Amino acid sequence: MYKNFYNENKYRFDIFIIYILEAHFVEKNESGKIIGGWPIGSQYNYPQHKTLDDRIHMAKILENEFQLNIPILLDHIDNDFQNYHKVWPDGVIVYDKGALIYESKVDRNGIREKIWTDEFLDIFDNK
Amino acid sequence: MEFIVSEIPIYKIIEMLSYEEKIKYSDDMQEIYSKQYYESKDVVNKLLNLDVEIQRHVLETFGYLSNENNLKEYWKIPGLYKDNEDIKNSVFYIRYNIFEFNKMKIGKKIPPCRLINTENKEIQLNSLHNNNKPLVLLAGSIT
């Protein structure tokens with residue numbers, strides 16, 4: 001989804017992935033019992049980042065597994081990006097001429113009406 | 001029975017959330033999540049639908065109707081009690097939920113914000129922004 005957006009728009013916009021805190025992380029005890037996180041099945045089996053090295057490791061897994069070829073940066077381990085933009089578990093933020101022009105939103109029930117990059121393009125191209 | 005979150009005592013809310021969490025984290029439910037993940041095209045909304053089905057079941061188990069109004073009331077709990085220590089200490093899916101509805105305002109300037117590249121070098125968010133082109137930031141994680 002983001003791959004297509006990037007390939008179709010990389011000359012119009014500067015586009016980056018910002019790797020933030022894991023969403024569906026899983027914390028387990030020594031016997032493998034789930035003791036924390038937001039698990040949604042065995043496909044995700046990673047604990048939350050405790051160090052910057054953990055975050056870099058996870059970002060590299062993303063790069064290798066999905067071959068997105070989109071420039072990737074990491075949120076600082078103090079979570080500056082998240083703290084300012086409140087994007088967790090994921091989101092899209094757009095600045096133009098130094099000011100925020102788009103931020104993705106999720107309904108209170110978690111439902112997304114539209115793919116955010118499509119929503120942004122609709123707004124941007126029709127302004 | 002109608003579920004009005006502001007009228008429910010905290011101990012009852014903790015019981016309901018703990019029950020929801022117990023179902024979510026059960027081996028059976030985790031298997032169902034995985035099945036949906038691998039077999040469904042619209043993964044995000046399918047997984048959210050599973051969450052909603054669990055919440056309907058929780059409402060019914062505690063004697064409430066599982067209709068849309070009651071669900072909407074139930075969804076208010078994390079926002080309403082996100083700073084309540086008793087709830088946070090009892091239910092870890094609330095404790096780890098840092099989702100917020102109050103975000104930045106359109107028109108706000110780029111904040112001072114440290115980022116790291118994959119070579120472990122610190123850079124500032126505003127250094128990415130060339131004023132001739134919009135800067136699109138796709139935030140997320142592999143999970």
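View 1. Seen here is an open sheet of 7 strands with mixed pairing, in which the strands follow the order β6(A)-β5(A)-β3(B)-β1(A)-β4(A)-β1(B)-β2(B). The edges are held by β6 (99–103) of chain A and β2 (122–124) of chain B, each of which has a single partner strand, so one side of each is left without a neighbour in the sheet. From one strand to the next, the twist averages 35°.

**View 2. Strand β3 of chain B and its two partners from chain A.** On one side, β3 (residues 135–140) of chain B pairs with β5 (residues 91–96) of chain A in the antiparallel sense, over 5 bridges. Within this pairing, Gly91(A) has Ala139(B) as its bridge partner, while Tyr95(A) is bridged to Leu135(B). The pairing of β3(B) with β1(A), by contrast, is parallel and runs over 6 bridges, and here Ala139(B) is the bridge partner of Ile18(A).

View 3. Because 6 of the 6 residues of β3(B) are buried, the strand is largely enclosed by the rest of the structure.

**View 4. A helix of chain A lying across strands of both chains.** Helix α2 (residues 52–66) of chain A lies across β1 (14–19) and β4 (72–75) of chain A, together with β1 (114–117) of chain B.

**View 5. The contact between chains A and B.** The contact takes 63 residues from chain A and 46 residues from chain B. On the side of chain B that touches chain A, the elements giving two or more residues are α2 (27–39), α3 (43–61), α6, β1 and β3 of chain B. Of these, β3(B) provides the largest share, with 6 residues. The residues on this side of chain B divide into 27 nonpolar, 13 polar and 6 charged.

**View 6. Confidence of the prediction, with attention to chain B.** The model as a whole scores ipTM 0.91 and pTM 0.79. Chain B has a mean pLDDT of 85, and 87% of its residues reach 70 or more. Within chain B, confidence is highest in β3(B), at 95, and lowest in helix α6 (residues 92–95) of chain B, at a mean of 66.

How values were computed:
Residues are numbered from 1 along each chain as its sequence is written. Chains are lettered from A and ligands numbered from 1 in the order in which they are written. This is a predicted model: local features need pLDDT of at least 70, side-chain atom pairs count only at pLDDT 80 or more; totals for chains, interfaces and linings use all residues. Two strands pair if DSSP finds at least two bridges between them. Helices (H or I, at least four residues) and strands (E, at least two) are DSSP runs, numbered from the N terminus. Axes are lines fitted to C-alpha atoms, for helices over the stretch in contact, and angles run from 0 to 180 degrees between N-to-C directions. Two residues are in contact if their C-beta atoms, placed from the backbone, lie within 7 Å. pLDDT is the predictor's confidence in each residue, from 0 to 100. A residue is buried if 20 or more other C-beta atoms lie within 10 Å of its own, exposed if 12 or fewer, and partly exposed in between; C-beta atoms are placed from the backbone. Ala, Val, Leu, Ile, Met, Phe, Trp, Tyr, Cys and Pro count as nonpolar, Asp, Glu, Lys and Arg as charged, and the others, Gly among them, as polar.
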